[in-house]
Amino acid sequence: MTRRTHAALAAALAATLTLGLGACKNDKSDTGGDAAATSTKGPGAESGSIIGGTPVKGGTLTVLTNQDFAHLDPARNWVLPHMDFGTRLIYRTLVTFKAEPGAAGSEIVPDLATDLGKSSDGGKTWTFTLRDGLKYEDGSPIKSADVKYNVERSFSPDLTGGPDYAIQYLAGGENYKGPLTGEHLPSIETPDDKTIVFHLKRPVAEFSYTATLPTFSPVPQAQEKGTQYDSRPFASGPYKIASYDRGKQLVLVRNTNWDQSTDTVRKAYPDKIVVTQGLKGGQADDRIIASEGADASTVEMPWMQHESVAKVLPKADVKSRMVAEQTGCTDMLYLNTAKAPFDDPKVREAMMYAVDREAQVTAFGGPAMADVATSFLPPALTGGAKADPLKIPAAGDPAKAKELLAAAGKTDLKVSLTVSLGDKTRGEAIQQSLAKAGVQVTVNTVDASAFADTVGDTKNAPELTINGWCPDYPSGATFLPFLFDGRTIKEKGNQGNYSQFRDQATMDRMDQIAAMTDLAEANAAWKQLDEDLVKKAPAIPLMWQRRPLLAGTNVAGVFGNAGYAGMIDMAVVGLKDPSKSQG
């Protein structure tokens with residue numbers, strides 16, 4: 001799941017956006033995906049290319065961002081760009097994504113494990129063996145029991161916000177509440193320090209992809225600090241935390257006990273990585289565009305401000321330092337179906353017609369930066385095809401929306417919309433389009449670092465919110481169930497199903513698809529369910545995005561990784577001349 005912000009662009013900017021609409025092609029985010037045949041070339045550096053050549057070891061790489069990390073605890077980390085930052089730099093997982101540009105970035109390779117896992121019992125049992133020579137930052141060995149412990153932690157009601165796959169897949173976990181009270185989960189076995197065995201409720205052919213998530217990182221029980229672990233996770237990756245002043249600065253230094261010979265993915269070029277947080281507006285973009293002094297050795301996350309597009313595209317030297325890979329994610333307007341007025345299907349259908357999705361694309365930077373979405377599943381999960389079951393004009397149909405609202409007896413609706421601070425302009429665009437249908441919207445903003453927790457509080461959830469979802473690997477199983485399966489809803493730390501949509505027919509069909517052993521049959525069934533869900537309107541698909549990001553003139557090894565929704569792959573980024581980094 002990813003979040004983004006921007007503002008409506010002036011006519012001068014629109015004139016610079018000469019590229020046509022392009023289908024979303026890469027996977028997400030949280031991970032996994034493939035190139036779509038219908039994609040078009042994005043702005044900036046050529047898709048699949050590497051900016052700056054091969055880095056030189058050493059120096060200080062600076063990362064500029066407008067936000068703090070929501071979570072760094074691997075049991076709680078499920079938001080881009082924080083998930084990829086953690087798994088590429090601080091901790092390792094059983095399996096990970098290749099550090100390669102283009103479609104290859106969505107392919108998986110062993111990380112802590114020696115292979116992608118071995119399945120047995122018809123896909124209900126998965127066994128992984130750890131590599132030799134794996135160590136934590138203090139030199140102690142990484143053991144299979146540590147991976148088991150962190151997977152168990154993901155069940156804890158106190159450690160909210162993380163991926164739900166272990167909870168959904170592991171046998172006997174229905175009433176399990178995590179290891180903090182001393183109880184362990186029998187369906188995860190560690191017969192020795194190198195072997196871990198997962199026993200699942202049902203066959204999961206794609207479990208190797210699941211093991212790329214931070215849930216499958218090691219945490220030694222002796223390091224357990226409960227919710228405080230968020231501030232100082234124990235490093236198994238190439239860097240450890242030297243200091244962390246929340247909301248201001250995070251400093252990573254080398255983990256000298258990380259052994260390159262055990263890691264085929266991470267190159268760990270910089271000596272130090274400094275994350276400078278709390279920048280406002282387009283400050284990060286302006287500093288990287290200018291690339292003066294230490295700013296030449298800088299990258300940014302999670303997005304380039306879309307107001308900055310007009311400063312970048314006309315300048316060939318700056319444009320060549322921008323990556324804009326497609327994310328494979330879908331941005332949506334979620335309707336809280338747990339309470340009036342959006343518990344009424346007719347009102348939800350009216351919202352489908354009321355929303356101007358073209359205005360959302362414009363606010364995001366225009367058609368060079370995003371595509372109007374017509375379904376929940378992105379083209380990365382449908383072979384490049386774009387489903388459009390309702391055939392609603394991209395600019396909406398306010399007259400039809402008014403007609404539906406009148407039929408529902410709701411002609412004077414007043415609702416609230418909560419958005420991340422950076423999405424204020426997009427929220428205002430929603431406000432304007434719904435006003436044409438007679439719906440009054442109050443826009444409330446929340447700081448990006450608190451946004452996930454705010455909208456994840458189901459008792460106090462807003463009526464409307466803008467958020468997005470990215471598949472964790474190329475399957476509808478990583479998308480629709482997390483968005484619309486009522487059984488995934490949590491009182492606190494709710495992730496994905498912000499609509500609080502509970503529909504028995506939908507859940508029954510999801511169970512039927514999950515039981516299919518033929519992946520082609522399952523994929524076709526997910527596509528049909530996608531179209532059925534669009535008609536039930538628990539949310540409104542808004543757009544499929546690219547992720548524009550800038551790099552300084554002294555940065556090398558830069559590309560957007562398809563496995564992480566187009567984020568710059570921190571596993572291999574570094575500097576051309578470390579002596580110029582002033583770090």
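User: Which residues form one aromatic cluster here?
Analyst: In this predicted model, Trp78, Trp126, Phe128, Tyr165, Tyr169, Phe198, Phe207, Tyr209, Phe216, Trp469, Tyr473 and Phe482 make up one aromatic cluster.

User: And how many aromatic pairs does a search of the whole structure find?
Analyst: The search finds 24 aromatic pairs. One of them joins Phe69 and Tyr244 in an edge-to-face arrangement, with 6.4 Å from centre to centre and 80° between the planes.

User: Where do Phe69 and Tyr244 lie?
Analyst: Phe69 belongs to the loop between β1 and α2, and Tyr244 belongs to strand β8, so the pair ties together parts that are 175 residues apart in sequence.

User: Are those two buried or exposed?
Analyst: Phe69 is buried, its relative accessible area being 2%. Tyr244 is buried as well, with a value of 17%; the limit for calling a residue buried is under 20%.

User: What about the rings of Phe155 and Tyr176, why is that pair edge-to-face?
Analyst: Their planes stand at 65° and their centres are 5.2 Å apart, so the pair is edge-to-face. An angle over 60 degrees is what that label requires. Phe155 sits in the loop between α3 (144-153) and α4 (165-169), while Tyr176 sits in the loop between α4 and β6 (188-192); the pair links distant parts of the chain, 21 residues apart.

User: How accessible are Phe155 and Tyr176?
Analyst: Phe155 counts as buried at 6% relative accessibility. Tyr176 is also buried, with a relative accessible area of 4%.

User: Back to β8. What order do the strands of its sheet follow?
Analyst: The order is β8-β9-β10-β1-β11, which gives an open sheet of 5 strands with mixed pairing. β8 and β11 (298-300) stand at the edges; each has a single partner strand, so one side of each is left without a neighbour in the sheet. From one strand to the next, the twist averages 20°.

User: How do β8 and β9 pair?
Analyst: They pair in the antiparallel sense, over 6 bridges. Tyr244, the residue of the aromatic pair with Phe69, stands opposite Leu250 in β9.

User: Which strands does α2 lie across?
Analyst: Helix α2 lies across β8, β9 and β10, and it runs at about 25° to β9. Helix α6 (residues 283-290) packs on the sheet too, where it touches β1 (60-64) and β11; its direction makes about 145° with that of β11.

User: How many residues of α2 are buried?
Analyst: The helix, residues 82-90, is mostly covered, with 9 of its 9 residues buried. Among them are His82, Asp84 and Arg88, along with Met83, Phe85 and Leu89.

User: What covers them?
Analyst: The cover includes β8 (239-245), β9 (249-254) and β10 (272-276) from the sheet. It also includes β2 (95-97), β19 (560-561) and β20 (567-568).

User: New topic: where is Thr478 found?
Analyst: Thr478 is in the loop between β16 (464-469) and α14 (480-484). Its relative accessible area is 0%, so it is buried. The side chain of Thr478 reaches the backbone oxygen of Ser475 at 2.9 Å.

User: What is Thr478 in contact with, leaving aside its neighbours within four places in sequence?
Analyst: Its contacts are Tyr165, Trp469, Cys470, Pro471, Asp472 and Tyr473. Tyr165, Trp469 and Tyr473 are also members of the aromatic cluster.

User: And Phe484, which helix is that in?
Analyst: Phe484 is in helix α14, and it is buried with a relative accessible area of 0%. Not counting residues up to four places away in sequence, Phe484 touches Phe376, Asn497, Ser499, Phe501, Thr506, Met510, Leu533, Pro538 and Ala539.

User: How far apart are Tyr564 and Thr195?
Analyst: They are 28 Å apart in space, C-alpha to C-alpha, and 369 residues apart in sequence. Tyr564 lies in the loop between β19 and β20 and is buried, at 3% relative accessible area.

User: Last one: what is the mean pLDDT of the chain?
Analyst: The mean is 90, and 93% of the residues reach 70 or more. Over residues 1-40, however, the pLDDT is below 50, although this stretch has 183 contacts in the model beyond near neighbours in sequence. Where pLDDT is low, the predicted coordinates should not be read in detail.

Key:
Residues numbered from 1 in each chain as written. Heavy atoms only, no water. Helix = DSSP H or I, 4+ residues; strand = E, 2+ residues; numbered from the N terminus. Buried < 20%, exposed > 50% of the residue type's maximum accessible area, 1.4 Å probe, protein only. Polar contact = N/O pair within 3.5 Å; in protein donor to acceptor, adjacent residues only side chain to side chain. Contact = heavy atoms within 4.5 Å. pLDDT = per-residue confidence, 0-100. Pairing = 2+ DSSP bridges. Axes fitted to C-alpha atoms, helices over the stretch in contact; angles between N-to-C directions. Phe/Tyr/Trp six-rings, centres within 6.5 Å; stacked < 30°, edge-to-face > 60°.
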